[in-house]
Amino acid sequence: LFRSAVARLSTVAADPAAGVEARAAALRALESIGDPRACEVASDVLTASAPDQVSVAAVGVLHALLRSPRGVDALDRLTAISLDRTRPRTVRLAAFRAIGDLGPETIAPLLQALASDPDEAMAAAVGPGAASSDPVSLLQDAAERGLPADPGALGVALADASDRVSPET
């Protein structure tokens, strides 16, 4: 059952003519399935520099595969995306966050490289306390009490929470 589903979802995810919403939905379904065969389509989507929403969904697929037989491939791809300064911030942050749950001892070289990133939001994402702060709470605090002292932290929170909050919230 999953074999044919993975093949069909992969076809939709890889097809730019399918549209952004359909491609992102197919990738989210592949993420939920967690089949290692999805690693290739997610990597291909990221190589093709798809729209941000599709790329972030592809990052989700790779995140789900970190502890699979394709985990090394997924980790290498996510690390490369995190460090790629030509990528949109939202995609880079998603890739970094996906790797983050591997623990600081595993990703220490990545943390060191991103700490001096010229993108303030990326540098803030690896700063002290960045991993432990809830982005939705930070946005709510900013709305209710005023802006935080660190504007980079607010930028990271906006990027991290963009799929969980709306401007009306």
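Which residue forms a salt bridge with Arg 92, and how far apart are the closest N and O atoms? I will come back to that pair after walking through the rest of the structure. What you see above is a predicted model.

First, the overall layout. The protein has 10 helices and zero strands. Read from the N terminus, the order of elements is α-α-α-α-α-α-α-α-α-α. There are 169 residues, and buried ones make up 40% of them. The accessible surface is about 9,100 Å², with 56% of that belonging to carbon and sulfur atoms. For contacts between residues at least 6 apart in sequence, 58% join residues at least 24 apart.

Next, helix H1. How far apart are the end C-alpha atoms of H1, and what span should its 13 residues have? At 1.5 Å a residue, H1 should span 18 Å, and the end C-alpha atoms are 18 Å apart, so the two values agree.

The buried residues in H1 are Val 6, Leu 9, Ser 10 and Ala 13. Seen down the helix axis, the buried residues of H1 fall within an arc of 105°, so they line one face. Here is a general point that helps: an α-helix has 3.6 residues a turn, so residues three or four places apart point the same way. What do the buried residues of H1 pack against? They pack against H2 and H3.

Ala 13 sits in helix H1. Its relative accessible area is 0%, so Ala 13 is buried. Setting aside neighbours within four places in sequence, Ala 13 is in contact with Arg 23, Ala 26, Leu 27, Leu 30, Val 41 and Val 45. Ala 13 and Ala 58 are 45 residues apart along the chain, yet 8.7 Å separates their C-alpha atoms.

The largest nonpolar core has 39 residues, and the members touching the most other members are Leu 27, Leu 30, Val 59, Leu 78 and Phe 96. Which helices each supply at least two residues of this core? They are H1, helix H2 (20-33), helix H3 (38-47), H4, helix H5 (71-83), helix H6 (89-100), helix H7 (104-115) and helix H8 (120-125). H6 gives the most, with seven residues.

For Leu 27, again leaving aside neighbours within four places in sequence, the contacts are Ala 13, Val 45, Val 54, Ala 57, Ala 58 and Val 61.

Is Ser 55 buried or exposed? Ser 55 is in helix H4, residues 52-64. Its relative accessibility is 1%; the cut-off for buried is under 20%, so Ser 55 counts as buried. Not counting residues up to four places away in sequence, Ser 55 touches Leu 46, Ala 50 and Val 91.

Last topic: salt bridges. A search of the whole structure finds six of them. In one of these, the side chains of Asp 84 and Arg 87 meet at 3.3 Å, N to O. Asp 84 is partly exposed, at 25% relative accessibility, whereas Arg 87 counts as buried at 13%.

In another salt bridge, the side chains of Arg 85 and Asp 117 meet at 3.6 Å, N to O. This pair links distant parts of the chain: Arg 85 is in the loop between H5 and H6, Asp 117 is in the loop between H7 and H8, and they are 32 residues apart. Asp 117 counts as buried, at 7% relative accessibility.

That brings me back to the opening. The partner of Arg 92 is Asp 117, and the closest N and O atoms are 2.5 Å apart. Arg 92 is in helix H6 and Asp 117 in the loop between H7 and H8, so the pair ties together parts 25 residues apart in sequence. Both Asp 117 and Arg 92 are buried. Through shared partners, salt bridges join Arg 85, Arg 92 and Asp 117 into one network.

Note on methods
Residues are numbered from 1 along each chain as its sequence is written. This is a predicted model: local features need pLDDT of at least 70, side-chain atom pairs count only at pLDDT 80 or more; totals for chains, interfaces and linings use all residues. Side-chain values use heavy atoms; hydrogens and water are left out. Helices (H or I, at least four residues) and strands (E, at least two) are DSSP runs, numbered from the N terminus. Buried means under 20% relative accessible area, exposed over 50%, partly exposed in between (1.4 Å probe, protein chains only). Contact means heavy atoms within 4.5 Å. Accessible areas come from the Shrake-Rupley method with a 1.4 Å probe; for residues, only the protein chains shown count as cover. A nonpolar core is a set of buried Ala, Val, Leu, Ile, Met, Phe, Trp, Tyr and Cys residues joined through side-chain atoms within 4.5 Å. The expected span of a helix is 1.5 Å times one less than its number of residues. The arc is that of the directions from the helix axis to the C-beta atoms. A salt bridge is a side-chain nitrogen of Lys or Arg within 4 Å of a carboxyl oxygen of Asp or Glu.
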